[in-house]
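Colleague: Could you put the model up, so that we can go through it together?

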Amino acid sequence: MFKNAQLESVKAWLNDPANGALPLHVRIQRGIRQLILDGALGVNKPLPATRPLALSLGVSRDTVESAYSQLHAEGFIERRVGSGSFVSERTRHLPPRKRQRSGASVAQAELSQRGAAIFREGGVQNFQYPHPFAPGLAETRNFPLPIWERLERQVIKEHGTRALLHSAPQGMEVLRSSIADYLNLERGARANADRVLILTSSQQALSLCSTVLMDIGERVLVEDPMYHGAKKAIGAAGLECIPVPVDGDGMQVPAMAALAGDARALFLTPSHQFPTGTTLSLDRRLAAIEWARQQRAWIIEDDYDSEFHYEGRPTTCVQGLDAHDRTLYIGTFTKSMFPGLRIGYMVLPPQLVGPMTAARTLQDGHNPSISQLTLARFIEGGHLGAHVRTMRAVYKARRDILAELVERHLADFLAPRVPDGGMQMPCLFTRPMDERAVVAAARTVDVDLLGIGSLYARPRNDTGFLMGFAAHMPAELTAAVGRLKKVLEKMV
């Protein structure tokens, strides 16, 4: 008969809710197999007879018989007429596979230098769920889902099983054309369908830029502070980030040459700098374009939430001002529509379309055809523009409500910097506080904050955090501010 610990191990497999979809005999078979693999049942060890084991497990004898039959078929046990069932001699050659004990150390993986660096940095930890005040999350409850559903049905009816096939690596022409027309109208871009590459995300675009445009060890000028995802993508490619300070007019472009005259690229969020919210002035945009021309370097422009500009009209994107084709423009529909869509894009200089598309084939290959065709209809039908206009008004109202709540209830701790656009508000401490400790304590009351100080390359005194407002209704913002106030009061 099994020892008590062995019997309990099989019972654990039998009763684990995670195994609920498996037939009973399969759960028993896998539980016994695990005991053999772990070495808990050695070679030639007898197994209990089917009847007593069935009684101990509370199942039928036929169920145990089926489990034993499968173990025999797989070579884990031998069945000897008149003697019973035993662990097979063939398991003698199985490599030792001890189950990890609680608290035991895990052997370090043998990674490349690049792999170790990526693992050490922890990847990109973006906020996945709309807890207040997670920055960068869109309100999805207002999305016109019935329209999207209708357009998707039209696509399936028109294209049939052709919509189930692979898409071209560059993306479907109808979507590339729709995106180009939209950007030319709304962002003043210089785009056409041939220059658009459809991707899954801005993070994929940044990864492609870092690996296709530059070699290991080369330097990239970046904003200070900057988006952590961009910094990690650049670092993962073995490149060196050279921070350039940001002031009220955006990145201090005139200072770039002195910091790194040999830089191969410049990364910018010019329409709405992340995280400060400043807009890069026109003279600095033109200076950056001239720098790229003279250096034969590249400008990587991330226009991540430019649709949501609340005061006046947004400025023309850098790509639209660049007559020398040195700018790569990155955009997505994560913020303007919904993150689950997983469609982003780059507008590329003509000479980079082929190399970037080829590099993309080595990653995920293509985007789903149905989503691309549906999105193209959504844009062409004017639904994207209408949704953005609606959400722009919603977000502006929520921005104003959050600013009022912070000033009314959190003035002893925070000073808001009300942004002209975007989906999050920088708030700086008005008294000395531990930024990391505040972020950790807020998480215990379901409030997600992103520390601003953590985004700077150089230490700063004016620390604080970003407070996202887009994904939350006024009552939700009010309740979250109340929870955050209690957290802050306990920390002073």
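**The sheet and its strands**

Modeller: Strands (E, at least two residues) and helices (H or I, at least four) are DSSP runs, numbered from the N terminus, and two strands pair if DSSP finds at least two bridges between them. Please keep in mind that this is a predicted model, in which local features need pLDDT of at least 70 and side-chain atom pairs count only at pLDDT 80 or more, while totals for chains, interfaces and linings use all residues. Residues are numbered from 1 along each chain as its sequence is written, and side-chain values use heavy atoms, with hydrogens and water left out.

Colleague: Why is β14 said to be largely enclosed?

Modeller: Five of the five residues of β14 are buried, so the rest of the structure largely encloses this strand. Buried here means under 20% relative accessible area, exposed means over 50%, and partly exposed lies in between, with a 1.4 Å probe and protein chains only.

Colleague: Switching to the cores, which residues touch the most other members of the largest one?

Modeller: In the largest nonpolar core, which has 59 residues, they are Phe 133, Phe 333, Met 337, Leu 414, Leu 449 and Met 467. The term covers buried Ala, Val, Leu, Ile, Met, Phe, Trp, Tyr and Cys residues joined through side-chain atoms within 4.5 Å. Helix α15 (residues 383-409) gives the most to this core, namely eight residues, and at least three residues come from each of domain 2 (115-126 + 142-382) and domain 3 (386-490). A second, separate core has 37 residues, among them Ala 265, Phe 274, Leu 455 and Tyr 456.

Colleague: What is Leu 414 in contact with, beyond its sequence neighbours?

Modeller: Taking contact as heavy atoms within 4.5 Å, and leaving aside neighbours within four places in sequence, Leu 414 is in contact with Val 406, Cys 427, Leu 428, Phe 429, Thr 430, Phe 465, Met 467 and Leu 488. One of these, Cys 427, is buried at a relative accessible area of 0%.

Colleague: While we're on cysteines, how many disulfides does a search of the whole structure find?

Modeller: The search finds zero disulfides, a disulfide being a pair of cysteine sulfur atoms within 2.5 Å. For Cys 209, the closest cysteine sulfur is that of Cys 241, and at 13 Å it is too far for a bond. Cys 209 also counts as buried, at 1% relative accessibility.

Colleague: Back to the domains, what does the assignment give?

Modeller: It gives domain 1 (4-91), domain 2 (115-126 + 142-382) and domain 3 (386-490), with bounds that come from an automatic or database domain assignment. The C-alpha centres of domain 1 and domain 2 lie 55 Å apart.

Colleague: And where does UniProt place the HTH gntR-type domain?

Modeller: UniProt, in an unreviewed entry, places "domain: HTH gntR-type" at residues 22-90; such annotations may be inferred rather than shown by experiment. Over residues 22-90 the chain is 51% helix and 12% strand, with the end C-alpha atoms 27 Å apart.

Colleague: Last topic, the backbone: which residues does the cis peptide bond with omega of about 0° join?

Modeller: That bond joins Pro 132 and Phe 133, and Phe 133 is found in the loop between α5 (113-121) and α6 (145-159). A cis peptide bond with omega of about 10° joins Phe 274 and Pro 275. Asn 44 has a positive phi of about 70° although it is not a glycine; Asn 44 sits in the loop between α2 (24-37) and α3 (50-57), and counts as partly exposed at 31% relative accessibility. Asp 325, also not a glycine, has a positive phi of about 55°. Such cases deserve a look because most residues other than glycine have a negative phi, and most peptide bonds are trans.
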